[in-house]
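Here are my notes for a colleague who is opening this structure for the first time. Please keep the sequence and the 3D view side by side as you read.

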Amino acid sequence: MQRYIDPTEQLVTEIFVRDIRRSTEFYRRFGFELLRDDGGFVELTWEGHRLFLDERDGLLYAADFPQANMRVMVPNVDDYWKLASEMRARVVSPIIDQDYGIRDFTIADPDGFGVRFGTWLSDIKGD
């Protein structure tokens, strides 16, 4: 079967945010690159994969725990944990070695959406 489009464009996450500037800065500090900024809509990328931020007025967020999160695989998760701590990001799940083979943690972005950073344990331990 032939692919319809490039895999990096096949599945894109779009997050509705209250403050586009604050959210854009949050993701850019973690290394997302800016592709397009149309004022109330921003397109970011991570190694070719897209993340859309869409500013919406009147959004209500009631959950203490994110209803969804996205996972971003990085070569050294501890560096991102340190950055999250420096930024005083709200921790949803602290850094831990998971039984499924990934060292990861989850933080909430400024609007409460979960962002999970992880590294394969085999890459950390050199297995």
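1. Start with the rings. Two rings of Phe, Tyr or Trp count as a pair if their centres lie within 6.5 Å, and planes under 30 degrees apart count as stacked. This is a predicted model. A search of the whole structure finds 12 aromatic pairs. Take Phe-30 and Tyr-80: their ring centres are 6.5 Å apart and their planes meet at 15°, so this pair is stacked.

2. Where do Phe-30 and Tyr-80 lie? Phe-30 is in the loop between α2 (20-29) and β2 (33-37), and Tyr-80 is in helix α3, so the pair ties together parts 50 residues apart in sequence. Both Phe-30 and Tyr-80 are buried. They also belong to one aromatic cluster, whose members include Phe-26, Tyr-27, Trp-46, Trp-81 and Phe-117.

3. Next, the open sheet. Four strands make it up, in the order β5-β8-β7-β6, and the pairing is mixed. β5 (69-73) and β6 (90-97) stand at the edges with a single partner strand each, so one side of each has no neighbour in the sheet. On average, neighbouring strands are turned by 15° against each other, direction ignored.

4. Look at one pairing in that sheet. β5 runs parallel to β8 (residues 114-120), and five bridges join the two. Met-73 has Gly-118 in β8 as its bridge partner. Helix α3 (residues 77-87) packs on the sheet and touches β6, β7 (102-108) and β8. The direction of α3 makes about 20° with that of β7.

5. Now move to β3 (residues 41-46). Is this strand mostly covered or mostly open? It is mostly covered, with six of its six residues buried. In a regular strand the side chains alternate between the two faces of the sheet. In β3, Phe-41, Glu-43 and Thr-45 point one way, while Val-42, Leu-44 and Trp-46 point the other way. Residues on both sides are buried.

6. Which strands pair with β3? β2 pairs with β3 in the antiparallel sense over four bridges. Asp-37 has Val-42 as its bridge partner in β3. β2 and β3 form a hairpin with three residues between them, and Gly-39 in the turn has a positive phi of about 85°. β3 and β4 (residues 49-55) also run antiparallel, joined by six bridges. Here Thr-45 stands opposite Arg-50. The hairpin of β3 and β4 has two residues between the strands, and Glu-47 takes a positive phi near 50°.

7. Then check the core. In soluble globular proteins, nonpolar side chains tend to be buried together. The largest nonpolar core in this model has 27 residues. Tyr-27, Phe-30, Leu-53, Ile-107 and Phe-117 have the most contacts inside it. Two or more residues each come from β1 (13-17), α2, β3, β4, β5, α3, β7 and β8. Of these, α3 gives the most, with five residues.

8. Charged pairs come next. Side chains of opposite charge can pair when their charged atoms come close. The count comes to 10 salt bridges. In one of them, Asp-111 meets Arg-22, with the closest N and O atoms 3.5 Å apart. This pair links distant parts of the chain: Asp-111 lies in the loop between β7 and β8, Arg-22 in helix α2, 89 residues away. Asp-111 has 3% relative accessibility, so it counts as buried. Arg-22, at 37%, is partly exposed.

9. Two further salt bridges deserve a look. Arg-36 pairs with Glu-43, their closest N and O atoms being 3.4 Å apart. Arg-36 is partly exposed at 37% relative accessibility, whereas Glu-43 is buried at 8%. Arg-36 and Glu-43 also belong to a salt-bridge network with Asp-38 and Arg-50. Asp-54 and Arg-56 meet at 3.0 Å, N to O. Asp-54 is buried, with a relative accessible area of 13%, and Arg-56 is partly exposed at 38%.

Terms used
Residues are numbered from 1 along each chain as its sequence is written. This is a predicted model: local features need pLDDT of at least 70, side-chain atom pairs count only at pLDDT 80 or more; totals for chains, interfaces and linings use all residues. Side-chain values use heavy atoms; hydrogens and water are left out. Two strands pair if DSSP finds at least two bridges between them. Axes are lines fitted to C-alpha atoms, for helices over the stretch in contact, and angles run from 0 to 180 degrees between N-to-C directions. Contact means heavy atoms within 4.5 Å. Rings of Phe, Tyr and Trp (its six-membered ring) pair if their centres lie within 6.5 Å; planes under 30 degrees apart count as stacked, over 60 as edge-to-face and the rest as tilted. Buried means under 20% relative accessible area, exposed over 50%, partly exposed in between (1.4 Å probe, protein chains only). A nonpolar core is a set of buried Ala, Val, Leu, Ile, Met, Phe, Trp, Tyr and Cys residues joined through side-chain atoms within 4.5 Å. A salt bridge is a side-chain nitrogen of Lys or Arg within 4 Å of a carboxyl oxygen of Asp or Glu.
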